[in-house]
Amino acid sequence: MNLSTLTLPKIAGVEISKGLSLIAPIGGIVVSLIVLAFIVWPKYTEIKGLKSANFELETRAGSLESKLDVLSSLDASVLEKQVAASGALLPSDKDVFILIRQIENAAASTGIVLSKVEVVPGSINAAGGAGAVTEANTVPLSSSASKVQVRLSITSGYASLLSFISKMYSGARVINIEDITIGTSGESQVRTAFSIDAYWQALPIDLGSIEKPVLPLTASEVELLNKIGEEGVSSVPTVPEVPLGRNDLFAPL
Amino acid sequence: MADINLLSQEDTQYESFDALRKKLSVLSVILLVVSAVATLGTLAFYTSLVSTRDKIILRVEDASAKVNSYKNVEELAVVTKEKVQVASGVIASRSDQVKLFNALSQFVPQNVSFSNIRVAQGKIVLSGSAKTSADVASFISALTSAQGAKMFSGVSVDSLTSDEQGIYTFGISATIIKQ
């Protein structure tokens, strides 16, 4: 007799208890999945965002703190001297007349004769911000530096010419002498034509982002500023005052 | 003789159901534990990250306030740096004509004289006269010597003529090597 083939009457209560006994494990699984899907996963996504935000904040804090270290290490009195020296080195305005005065002083002290001094058109006017120096002959050097140009014709001895060039280069303001043409002019005299480019840089309008690092001066830059400082910023020529007032506007000079 | 299966079909079904229920229970417990641990871990980590963020924000605010208090110093430092950087660049890139002429004078023979010298855009053009062709040769030789090659390159004789007195007039050009 095969007992397994015997059919017994189903008891409804047994089936119900079977179903009920599965509620707990299935419920546990469902709850777990809900927790994972609606709590753990969103938080995990938030954590990823938070980690990158923290990294950015950490970088920002680090750059601000290192900037603070640099700024707090600067000596205000030294810095003021360096600012004055850098202003002499690269004025904030074109200062064409100071350049002409410098040329005149150098010519007088080296014994050269200035045959012609010609300020390149556009060099005198339109001083101001870096954006204003796009006119002809004021070629921007970098994003914020420009130059004014003066063309000179001089007559002198050869030695005086070299002294004049040396004197111009030894001045506080940074200049560049270019396009030199030297020709003989009689008795041991030379006639020379060249241009002098004098650089200037407008003051920055704003400092930019607070996180923008402050770069410390390099040793060579400090040396350059010290050299200007030692020679004296006051050695920069000034345009002398002249008496004002003239009744006859057409009277000869 | 045929095998006799003593278990009823209901018993067999019950056993397999019971095994499934046990497996589901174990899986359920494991998942509950995992989700509980993951939830706690995630929340704890999230809380610590939030706390870290708050601390960093405080650091940023503190540092920003301090940096702002140094604004005047920063202005001076920025202006100085920008100006001295540009000035250093110009000084480094410009050529020193006095040094050039002094160096050139060492290569010029006694019987050579110049009528015109032009220095522009890294080139030098020399026009002059020499008493003999040997003086011109000596001058060119000096310019192209090991010493001269430190100052000039691409030395080229553009013109060379002599008059009835034997005076040679020459035109020489060369590229100036930046020191």
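I began with B:Ala87 and found that, apart from neighbours within four places in sequence, it is in contact with A:Leu89, A:Leu90, A:Val174 and A:Leu224, contact being counted when two C-beta atoms, placed from the backbone, lie within 7 Å.

I noted that this is a predicted model, in which local features need pLDDT of at least 70, side-chain atom pairs count only at pLDDT 80 or more, and totals for chains, interfaces and linings use all residues. Residues are numbered from 1 along each chain as its sequence is written, while chains are lettered from A and ligands numbered from 1 in the order in which they are written.

Next I looked up the largest nonpolar core, which has 55 residues, with A:Leu89, A:Tyr199 and B:Ala87 having the most contacts inside it. Such a core is a set of buried Ala, Val, Leu, Ile, Met, Phe, Trp, Tyr and Cys residues joined through C-beta atoms within 7 Å; buried means 20 or more other C-beta atoms within 10 Å of a residue's own, exposed 12 or fewer, and partly exposed in between, with C-beta atoms placed from the backbone. I also looked up a second, separate core of 6 residues, which includes A:Ala61, B:Ile56, B:Ala63 and B:Val67.

I then turned to backbone angles. A:Asp95, a residue other than glycine, has a positive phi near 50 degrees, and I found A:Asp95 partly exposed, with 19 other C-beta atoms within 10 Å. B:Gln121, also not a glycine, has a positive phi near 50 degrees, and I recorded B:Gln121 as exposed, with 8 other C-beta atoms within 10 Å.
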